[in-house]
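Okay, thanks for making time, everyone. Let me put the model up and then talk you through it.

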Amino acid sequence: MDALLLSLRLALSVSAILLAGGLPLAYWLAYSNWRGKFLLEAVVALPLVLPPTVLGFYVLLAMGPRGPLGKLWQLFFGHGMAFTFEGLVLASVLYSLPFAVQPLIASFESVDRKLLDASAVLGAGRLRTFWRVILPLSIPGVVTALVLSFAHTLGEFGVVLMVGGNLEGVTRTVSIDIYDHVQSLQYAEANRMALVLLAISFAVLSAVYAVNRQVGRQIGRRLWTPWAAN
Amino acid sequence: MDTVGSELNAAMLTARVKMERLRAGSPPFLLDIAVKVPSGITILFGPSGAGKSTVLDCIAGLARPDAGRIAVGEGVLFDSQAGVNCPPQARRIAYVFQTLALFPHMSAEENVAYGLDGLPREQRAARVEEILIAFRVEKLRTRRPAEISGGERQRIALARSLVAQPRVLLLDEPLTGLDANLKAAIIDDLRVWNAARRIPILYVTHSREEVDALGERVIAMDRGRMVSEGTPMEVLEAPRRKRLAQTAGFENLLSGTVVDLREADGVMRVRLNESVCEIEVPLGFAVVGDRVHVAIRAGDILLATSQPHGLSARNVIEGRIVAMETRGTLVRTRVNCGVEFIVHLTPGAARTLELAVGVRVWLVLKTHSCHLVEE
C-alpha cells in the first residue's frame, strides 16, 4: 500500500503544480502573437512523442551531481536531486505537461474573442477578464487538464524508473511495484495492485465523462479530450 | 440622476481614422474617414465590408489606426502624432456588438453589473435596477442569455453597455434579425434613455429601412471612405422611384391623378385615389390625367383641431383620427381623410390638443413636403 499512497501523493502534487503553472503558460500560448511561439508549443508537446526513457535520461543528467539542476539543488538543500521524491515530481511535471496545457489552450482558444472585447470595453483589465470570463468558460478544460495530469502521472513508468529508481517509500510507485512483483513471479500481489490501479483509473474517467455531460449541458460546451475530435 | 450623465449637451465625438485594411478574400483598401458625431443618433451607413465596424473598433480602442485622432469633447482618446492611445478600458465608450457578446455563464443581472466593478455594492445594485427597468427587462434578471429571446438579449446588451454611463455609445447592427415593431420599440426606449443624457450614439447599419426609421443624421461610407453626409433624404437622395421612396421611409405613399398644372406657380394639383381629396404638389414631368405617386413624411404633417386660416401652407385636409399609438417619444397617429395619412406627433402635442380616436382634425401640408415620385 505504500506504493499506492506514494503514487497518489505524486499524482496530486503534479496535478496541482501543473494547474498553477499551466494556466499562465496556456494563456500565453493561446493569446500571444509572438512569432517564435511555435517553438515553445513544440517543446510543450515533446513529451507526447518522446519515449519516456529519453525524457527520463536527460532529466536524470540535468539532476545529477554534475547537471545544472543537481548543482543548484545541492546548493540549496545540501543533497542531490536524483532519486528523491522532489526529483520525481519535477520529472513527472515535465512528462505530463502537454496533458495539462493542451486542454487549457484548446479551452481558452474556443472562448469567443468578442467576449474578451466586450469585457475590455466594459472596463475590465486582462486579469479580471481572465478570472471572470475566460476561466469560468474554460472549466471543462480545467477539469480535463487536472484529470489527465493526475491519471497520466499515476500510470507513468519509464520516467519514474529512470529518474527515481526504485526506493521503497521514496520513489517506488505503483507501476514500478507491479513490475517488481511480476519480475519476482508474485502474480497475486501484482494482480492486487493492478486491479486497484484499474479501478481508480476507471472511476476517474467515468467521473470526467459524467461532469462533461453535466457541464456541457449547462454552458453548451464539452470537455476537451485528447482522444475525441474537437 | 448622475450629474455627469445629465449635461444637456454631452461632448461631441470626433474621429479621424486612417488604416490599411487587409482582409482575407477581399482586396485591401485604405480606411480613410473623418466623422463628427454630436449628441443623438448618427447613422453610419454602408454595404458590408465598407469598413464600418473597423471604424467602431478604432473608436472603442479595440483596433489601432495607423494614423488619426479620436476625441470626445476635449478628451483625446487617440492621437497618432501626440502618441496618445488610451486603452479600451479607460475610454468610457459603450459598444454593443452585432453578436451582442453577452457573457453566457452570467445571469442578465450579472452581465449588466459587469461594468460597475468599482462601485460599492448598494450603488451598483441601484444602478443595475434603474437600467433594467429603463429597458424593461427587470423581470429577466436571473435568466441567462440562452434562456431569453433575441429582443430581450438586445435589451440586456444595451443595458449592460449603458449602465456605467458612457460618454459615447457605439452600436454595430445590434438589431439585425428583429422584426420592425420590436426594433422600433427598443429604439424608442433607447431614445427615452438618451433624452436626458444626450450622448453621441453612432449606429452602424447596412439597412436602408433602419436609416429611415432612426436617423436624423446619416454618414454613408463605402470602401473605407465617406460617400455623403446629411439627413436620410439627402443621403439616400430625394426619392425618384416608388421603390426608393418606400425604402427611404416616407410613411405616406399615396397614388393619384394630376388634375391641374399651374406652371407659373411651379405646382400642380393631384386628386388622391378613391377620394375627393386634392393636394398641391411641386410641378413634375406630368400632364393632366397622368397617374403619379406622392410621398410624404409623417413628421412633415401638421395637425390642427379647428380649421386653420391664414396659413401659407397650401394643403389643408379635413379628417378623423382612426388610431393612435404611443412609441416612446412619438405618437403615431392615423388620420382618415378619405385616404389614410400617418402623422407623427410628440406626446406633449397629443395631450395639449386632447387628441383621441374619433376626433375631427385638419392636416396641414406644405407643398414642398409632398414629394413627387415616378412609378
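**A walk through the two chains**

So, helix 1 of chain A, residues 2–31, packs against helix 5 of chain A, residues 85–109, at an angle of about 45 degrees, and the axes are 7 Å apart. That angle makes helix 1 of chain A oblique to helix 5 of chain A. Here angles under 35 degrees are roughly parallel, over 145 roughly antiparallel, 65 to 115 roughly perpendicular, and the rest oblique. Axes are lines fitted to C-alpha atoms, for helices over the stretch in contact, and angles run from 0 to 180 degrees between N-to-C directions. By class, this helix contact has 20 nonpolar, four polar and one charged residues. For the classes, Ala, Val, Leu, Ile, Met, Phe, Trp, Tyr, Cys and Pro are nonpolar, Asp, Glu, Lys and Arg are charged, and the others, Gly among them, are polar.

Quick housekeeping. This is a predicted model, where local features need pLDDT of at least 70 and side-chain atom pairs count only at pLDDT 80 or more, while totals for chains, interfaces and linings use all residues. Residues are numbered from 1 along each chain as its sequence is written, and chains are lettered from A and ligands numbered from 1 in the order in which they are written.

What does chain A come to in secondary structure? Eleven helices and zero strands. Helices (H or I, at least four residues) and strands (E, at least two) are DSSP runs, numbered from the N terminus. Of the 230 residues of chain A, 39% are buried, and that label needs 20 or more other C-beta atoms within 10 Å of a residue's own; 12 or fewer is exposed, in between is partly exposed, and C-beta atoms are placed from the backbone. If you take contacts in chain A between residues at least 6 apart in sequence, 74% join residues at least 24 apart. A contact is two C-beta atoms, placed from the backbone, within 7 Å.

Chain B has nine helices and 21 strands. Buried residues are 39% of its 375 residues. For chain B, 68% of the contacts with a separation of 6 or more come from residues 24 or more positions apart.

Now, where do the chains meet? 17 residues of chain B are in contact with 16 residues of chain A. The chain B side of that has twelve nonpolar, four polar and one charged residues. Have a look at helix 6 of chain A, residues 113–121: its buried residues include Leu115(A), Asp117(A) and Val121(A). The buried residues of that helix pack against helix 7 of chain A, together with helix 1 and strand 7 of chain B. Just after helix 6 of chain A, Gly123(A) takes a positive phi of about 100 degrees.

Over to helix 1 of chain B, residues 52–60. Seven of its nine residues are buried, so it is largely enclosed by the rest of the structure. Among them are Lys52(B) and Asp57(B).

Strand 7 and strand 8 of chain B pair in the parallel sense over four bridges, and pairing takes at least two DSSP bridges. Val96(B) has Leu171(B), in strand 8 of chain B, as its bridge partner.

Last stop: is Gly289(B) buried or exposed? Exposed, with 8 other C-beta atoms within 10 Å. Gly289(B) is in the loop between strand 14 and strand 15 of chain B. Leaving out residues up to four places away in sequence, Gly289(B) touches Thr257(B) and Val258(B).
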